[in-house]
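Trainee: Could you walk me through this one? I'd like to begin with its pockets.

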Amino acid sequence: MTANFPLAGKSPIPADIHAHTHHSHGQAATEAMYAAALDKGLAWFGFSEHSPRPEGYSYPSDYQEKLVSRFPRYIEEVRLAAEQGRKDGMTVLLGIEVDYIPAREDYARALLAGQPFDYVIGGLHFQGTWGFDHSARDWEPLTRDQRFAVYARYYQDLAAMCRTGLFHVAAHPDLVKLFSVETFREWLETPDALPPVRAALAAIKENGMAMEISSAGLRKPCAEIYPGPRIMELAAEMRVPVSFGSDAHCTNTPAFGFDILARYADHYGYAESLIFAGGKPLSLPFTVPPAL
C-alpha cells in the first residue's frame, strides 16, 4: 500500500531504515541516534542493528561478544524510542541486519524466530569465513580473474539469500566493490556479469523485497552510492522496488546524503520507496530537491 497521510519532517526521503548503534560497531547510543534522526526531519527511522553470527564467522577485530550480551537491551531501547517517537511525530521501526551465510541458513531462521522485528535486512559480508569488506589489504594479492570470481559469487549468494524468504531488504547490493571499484566496473562490462546480477535483482523482486539504495558508499573508499549506475539501470529496467538507507553508525549520518539519493533515484525513474512495518510493505513517496 502507499502512504496517504502527510509525512512530517523536512528530509526529502521520509524514511531511513538502516542504522546501527554502539551495541555493535556504531559510535552512538540508541537514544542519541534517535535524536539525530528526529533532528534530520525523518518521518520514519529504522534501527537495524547487526545480528549475532555463527561461531567462526568474524572479523580480525570484532564486536560479537559485546553485541550478543547487549542484544536484549538493544531491543528494549528501540521499544522505548518507538514510544517517544509517537510523542515526537516520528515512527520508529525495529529492524535487524542479518549476515547471510549460505551454509548457516538454519542459524538465521532460529535467530529470527519469535522476535518482534518489523523488517529484516539481509547483508552479504562474507565469502566462506572471509569478511571481504574488512580490509583493502585482503584484496591487494588478488588477480583480476580472482576478483571477478569473487564478484560472481557475491551475486550468486545474493540471489540465494533473497530466495530464502527470510529478508525484506537487500542491503548495499554492490558492497563487494568497496576496495576494488575500478575492477568491479570492468567486470560489469563483461558478458559473464549480466546473468548473475540480473538473477539477483530478479530474486529481490520475485520475493517481495526491496533493493537498498545506500549513501554509505559515498563515505567509503569506493566513493560511490550503493548500487552504482550500471546496477541502478538494470534495477529500474526490471522495476525492482527500492528502499533508502544511510547505514548510519554515528549521529552525523542518519539521512546522510538523502538529497543526493533522491536525485539519483529520480534520475532512474523512481518516485517512491518501500519500507516494512510489522513485515508488511508500505510505499512512501519522496521529493526531489533542486540540483545544486
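Mentor: The largest pocket in this predicted model holds about 450 Å³ of space. On a 1 Å grid over the protein atoms alone, a pocket is an open set of points where a 1.4 Å probe fits, with protein on both sides within 12 Å along at least five of seven lines. Its volume is the space filled by probe spheres set on the points.

Trainee: Which residues lie nearest the centre of the largest pocket?

Mentor: His-25, His-125, Asp-133, Lys-220 and His-249, out of 24 lining residues; lining means having an atom within 4 Å of a point.

Trainee: New topic: is S2 buried or exposed?

Mentor: Seven of the seven residues in strand S2 (residues 44–50) are buried, meaning under 20% relative accessible area with a 1.4 Å probe, protein chains only. Strands here are DSSP E runs of at least two residues, and helices are H or I runs of at least four.

Trainee: Which way do they point from S2?

Mentor: Trp-44, Gly-46, Ser-48 and His-50 point one way, and Phe-45, Phe-47 and Glu-49 the other.

Trainee: How does S2 pair with S3?

Mentor: In the parallel sense, over seven bridges, with S3 spanning residues 91–99; pairing takes at least two DSSP bridges. His-50 stands opposite Glu-97 in S3.

Trainee: Anything about the numbering or the model?

Mentor: Residues count from 1 along each chain as its sequence is written. In this predicted model local features need pLDDT of at least 70, side-chain atom pairs 80 or more, while totals for chains, interfaces and linings use all residues, and side-chain values use heavy atoms, leaving out hydrogens and water.

Methods
Buried < 20%, exposed > 50% of the residue type's maximum accessible area, 1.4 Å probe, protein only.
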